Amino acid sequence: MTTLSIATISGQTAFIPPEALLTLKEGLRGSALAKDEDGYDMARSIWNGMVDRSPGLIVRCHGAADVMRSVDFARERDLVVAVRGGGHNIAGNAVCEGGLMIDLSPMNSVRVDPAIRRAWVGPGATLGDVDRETQAFGLAVPTGINSTTGISGLTLGGGFGWLTRKYGLTIDNLVSADVVTADGRLLRASAEENPDLFWAIRGGGGNFGIATSFEFNLHPVGPEVLSGLVVHPFDQAGDMLRSYREAVTDAPEELTCWVVMRRAPPLPFLPAEWHGREVLIFAMCYAGDLSEGERVTQKLRSLGNPIADVVGPHRFVDWQAAFDPLLTTGARNYWKSHDFETLEDGALDLITQAVRALPGNECELFIAHVGGAMSQIAPDATAYPQRTAHFVMNVHTRWRENKDDTACIAWARNLFRATEPFATGSAYVNFMPEDEADRIEKVYGANYPRLAQIKGRYDPRNMFRMNQNIRPAQ
C-alpha cells in the first residue's frame with residue numbers, strides 16, 4: 001500500500017500515508033477504493049456520459065457509521081467531497097476529480113409499514129426500489145418518472161412526477177431524514193427536531209449534509225393506473241399545444257399530462273414510416289378510479305388525429321419505468337430548464353421552431369404538467385421556492401459522440417435564452433447543469449438568504465459544495 005494523493009478544498013494535495021488509509025478501511029463496514037483497485041471504475045461511473053472524473057478515493061458506505069467516518073476523514077484533511085446517491089444528477093456532482101467520493105449506493109434498503117402508510121428508505125435506493133416495495137401494498141410516495149433515478153438526489157431537490165398534482169412534491173411527503181452534517185454528527189431533521197435543517201433539505205439539495213435515511217408518508221395508488229401515450233404528427237404541434245394548454249387548465253388533480261417532443265423512437269405500436277420523424281406525444285397518468293380516468297382523459301385523447309393511442313390500465317410500477325429505455329446510462333446529456341406559470345403563445349412558437357431543428361435523434365423537449373397539490377403549499381414553507389408554476393420545460397439534449405457536443409449544447413442554450421422572457425426565473429435544481437452557478441440565488445429567490453444562513457450554521461466551510469451550491473453566510 002502506497003501513499004495516496006487526494007485533492008483538498010484549498011487546491012492543494014493531501015498525502016494520505018498507508019497507515020491512515022488502513023485505519024479508515026478497518027473502521028468501515030463498506031470498502032474504500034483507490035484508483036488501482038477492483039470496482040473503482042464501476043463506482044465512479046455515473047448516468048451522464050459527459051462526466052468522466054477520477055476521485056482520489058471512493059468510500060462505499062454500508063451505513064450511517066461509514067458516512068460519519070468518511071466525513072470526519074475528509075474534514076480533518078480539508079478534502080474535496082462528492083456524494084453519490086443514484087448517480088443520476090445531470091450536473092454530475094456525484095463524482096469529483098481527485099477528491100473523496102462518498103458512495104451511498106450500497107445503502108438501498110426500503111422498509112414499508114402499510115398499517116401507518118410509512119416507508120423508510122436508504123439514500124442509495126432508486127425510485128424503482130421504492131416503487132417495488134410500496135406497490136406490494138398498493139401504496140406509493142410521489143417521486144419522478146424514471147425508475148433508475150436515485151431517491152436521495154430527487155428528494156433533496158424537490159421531486160416531482162406523475163403523482164405531484166394529487167399528492168404534492170416528494171419533499172411534501174417527507175416526514176424526517178437522518179443527516180450527517182459537516183462536523184460528523186448524525187442529526188434527525190423533522191418538524192420537531194432541527195426544524196431549520198428540515199426546512200433546508202426540502203429543496204435545498206445536498207448543501208447541508210449527507211442524508212442517510214428518509215421517512216416518507218405513503219398514499220393509496222394502484223396497483224393499476226390509467227396511463228400511456230397519445231402520439232401526434234409534429235405538423236399539428238402548434239394547434240395541439242394550444243389545445244393542450246386549454247384542456248389541462250381545469251384538469252382534476254388525479255390527472256397529469258406531460259408533452260414530449262422528439263423524433264419518434266422505434267416503438268412497436270408506431271407504424272415504421274414514423275420512426276425517426278418528429279412527433280408530439282401526450283404522456284398521461286390518472287391516479288384514481290380507472291373508469292373515471294377513461295372519462296376525464298377523453299378531452300385530451302380526442303384532440304387532433306393521433307398516430308397512436310396506447311392509454312389504458314397499466315401497473316403503476318411498470319408505468320414508472322416506461323421511459324427507462326430512452327434514458328439508459330452512458331449517453332452524453334446536457335439539460336436546460338425553465339418554470340412557466342402558463343404556456344404563452346410566444347413560448348410555444350419558439351418551442352415548435354426549435355423541435356423542427358433537433359440536433360440529434362435522442363434529443364427531446366418535454367413540458368411537465370405540475371400544479372395541483374404542489375401549489376397549495378406556501379412558497380416559504382420549504383426551501384423549494386416555486387409553487388405557482390404549472391409547467392416545467394426541460395430541454396434535454398442527448399447524444400453519443402464527442403463531436404456533437406457543440407451543436408447539441410448550443411441548441412439547448414439557444415432555446416433556453418429565447419424562452420427566458422416567458423419564464424418565472426425559478427428552476428428545478430435537479431434539472432440544472434453544472435454551468436449555472438450564477439443562477440442559484442435567483443432560482444431560490446426570497447428563500448435564498450435563509451438557506452445561506454442555515455448553510456453557515458451546518459456547513460460553514462462549505463465542505464458540501466459539489467452541488468448547486470449555496471454559499472454559507474458569514
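Student: Is lysine 403 buried or exposed?

Tutor: Lysine 403 counts as exposed, at 68% relative accessibility. Buried means under 20% relative accessible area, exposed over 50%, and partly exposed in between (1.4 Å probe, protein chains only). Aspartate 404 is partly exposed, at 25%.

Student: What should I know about the model before going on?

Tutor: The model is predicted: local features need pLDDT of at least 70, side-chain atom pairs count only at pLDDT 80 or more, and totals for chains, interfaces and linings use all residues. Residues are numbered from 1 along each chain as its sequence is written, and side-chain values use heavy atoms, with hydrogens and water left out.

Student: How many salt bridges does a search of the whole structure find?

Tutor: Start with the idea. Side chains of opposite charge can pair when their charged atoms come close. The cut-off is a side-chain nitrogen of Lys or Arg within 4 Å of a carboxyl oxygen of Asp or Glu. The search finds 36 salt bridges. One of them joins lysine 403 and aspartate 404, at 3.4 Å from N to O.

Student: Which parts does the salt bridge of arginine 242 and aspartate 349 tie together?

Tutor: These two side chains meet at 2.7 Å, N to O. Arginine 242 lies in helix α8 and aspartate 349 in helix α11 (residues 345-355), so the pair ties together parts 107 residues apart in sequence. Helices (H or I, at least four residues) and strands (E, at least two) are DSSP runs, numbered from the N terminus. Arginine 242 is partly exposed, at 23%. Aspartate 349 is partly exposed too, at 32%.

Student: What are the closest N and O atoms of glutamate 254 and lysine 166 apart?

Tutor: They are 3.0 Å apart, in a salt bridge. Glutamate 254 lies in the loop between α8 (237-247) and β15 (255-263), and lysine 166 in helix α6 (residues 164-167), so the pair ties together parts 88 residues apart in sequence.

Student: How do I read an aromatic pair?

Tutor: A pair of aromatic rings is described by the distance of the centres and the angle of the planes. Rings of Phe, Tyr and Trp (its six-membered ring) pair if their centres lie within 6.5 Å; planes under 30 degrees apart are stacked, over 60 edge-to-face, and the rest tilted. The count here is 16 aromatic pairs. Phenylalanine 366 and phenylalanine 431 pair edge-to-face, 5.9 Å centre to centre, with 80° between the planes.

Student: Are phenylalanine 366 and phenylalanine 431 buried or exposed?

Tutor: Both are buried.
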